[in-house]
Each structure stands twice: as C-alpha cells, then as structure tokens.
Amino acid sequence: MASSSTYNSSTISKKIKSKSKLDFANPCDCGYPSRIWISTTKDNPGKEFRVCPNSTDNPKIKCKFWEWVNEEDIVNKKKKDEVGAQSCEVRAQSCEVRIAIMDHDFNIYKKKTDEEFDKIIRKISSLKIYVIVLFMLFVVSLLRA
C-alpha cells in the first residue's frame, strides 16, 4: 500500500467523494459525521466500516475513531428507508388528493366567474345601446336648436 505522502489532498478528496459516504447519525469522536467505507480486505470483503473524516481529509490530524457498521444498523437503515419511502408515497397520494380537490374547486369558481363575466358583458352591451341612443338624441336636440 502506498504511503499517505504519495497522495496529495486533491487525490484523497476525489477518492473520498467517490468511494465513501457521510454518516450523520453516527459521528466520530471529533463530533464530525463519520465516513462509511467498504472493506476490500480478504478477511472482510464488502463489509462496511466507519472512520473519522479527519483521518482521510487531513492526514496530520490523527483521530482514532474506527468501527464496523453493524448488521443491525444496516437492517435499521433499510427499515427507516422503507418507512420513509412509504411516508413519501402517502404524502404524494395526499398531495394528489389535495390537488384534485383544488382543481375541482378551481373549475367550480371558474365556471361561476365565467357566468358572472358573461352577465357583465351583456349589461355593458345594453348600456352601450343606451349611450348611443342618448348621444343620438343629444345630437338631434342640438340640430333642432
């Protein structure tokens, strides 16, 4: 394995971003969210473990935090994810119902508004006729005078 001195900080950061994930629920001893990595050793291939992000981001800081991710943690996370997905599904259905109700209400109000608008347009048309008749009577009265 290459020593940490052969890697510059940008190489380490790129590796961290692509191969690890933050675990906010299980902070390290420094108080930072731990990073979850996947083991590539012969004894524990594919097994997840947590480490302090300082130990990978800044090799000068030596936090000793390290632990395996328990199977129970993985099962609980999957359950939380499933519950979260169900919750999202319920919220989405609830939103769809609310949207359908709002759409229905909107259509009712639009119909009422359109009817009122038509009434106003008819009144304006009849008032135009009155104005034209009055204007003609005014012009005729001016011509007679």
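**Strands, cysteines and a helix**

Guide: This is a predicted model. Start with Asp23, which sits in strand 1, residues 21–27.

Visitor: Does Asp23 count as buried or exposed, and at what relative accessibility?

Guide: The cut-off for buried is under 20% relative accessible area. Asp23 falls under that cut-off, so Asp23 counts as buried, at a relative accessibility of 10%.

Visitor: Which side chain joins that of Asp23 in a polar contact?

Guide: Take the backbone first. The backbone nitrogen of Ala25 lies 3.3 Å from a polar atom of the Asp23 side chain. For a link between side chains, the distance is 2.9 Å, and the partner is Asn26.

Visitor: Leaving aside neighbours within four places in sequence, which residues is Asp23 in contact with?

Guide: Contact here means heavy atoms within 4.5 Å. With those sequence neighbours left aside, the residues in contact with Asp23 are Pro33, Ser34, Ile36 and Arg50.

Visitor: In what order do the four strands form the open sheet?

Guide: The pairing is antiparallel. Strand 1 and strand 4 (66–68) are the edge strands, each pairing on one side only. From one strand to the next, the twist averages 35°. The order is 1-2-3-4.

Visitor: Over how many bridges do strand 2 and strand 3 pair?

Guide: Strand 2 covers residues 33–38 and strand 3 covers residues 48–51. Ile38 stands opposite Glu48 of strand 3. The two strands pair in the antiparallel sense, and the number of bridges is four.

Visitor: To what count of disulfides does the rule come?

Guide: The rule asks for sulfur atoms within 2.5 Å. By that rule, the count of disulfides is zero.

Visitor: Is Cys95 buried or partly exposed?

Guide: Take Cys52 first: its relative accessible area is 0%, so Cys52 is buried. Cys95 has 36% relative accessibility, so Cys95 counts as partly exposed.

Visitor: How far apart are the end C-alpha atoms over residues 127–143?

Guide: UniProt lists residues 127–143 as "transmembrane region", in an unreviewed entry. In the model, the chain there is 100% helix and 0% strand. The distance between the end C-alpha atoms is 24 Å.

Methods:
Residues numbered from 1 in each chain as written. Predicted model: local features only at pLDDT ≥ 70, side-chain atom pairs only at ≥ 80, totals over all residues. Heavy atoms only, no water. UniProt positions renumbered as here; feature names shortened; annotations may be inferred. Buried < 20%, exposed > 50% of the residue type's maximum accessible area, 1.4 Å probe, protein only. Polar contact = N/O pair within 3.5 Å; in protein donor to acceptor, adjacent residues only side chain to side chain. Pairing = 2+ DSSP bridges. Axes fitted to C-alpha atoms, helices over the stretch in contact; angles between N-to-C directions.
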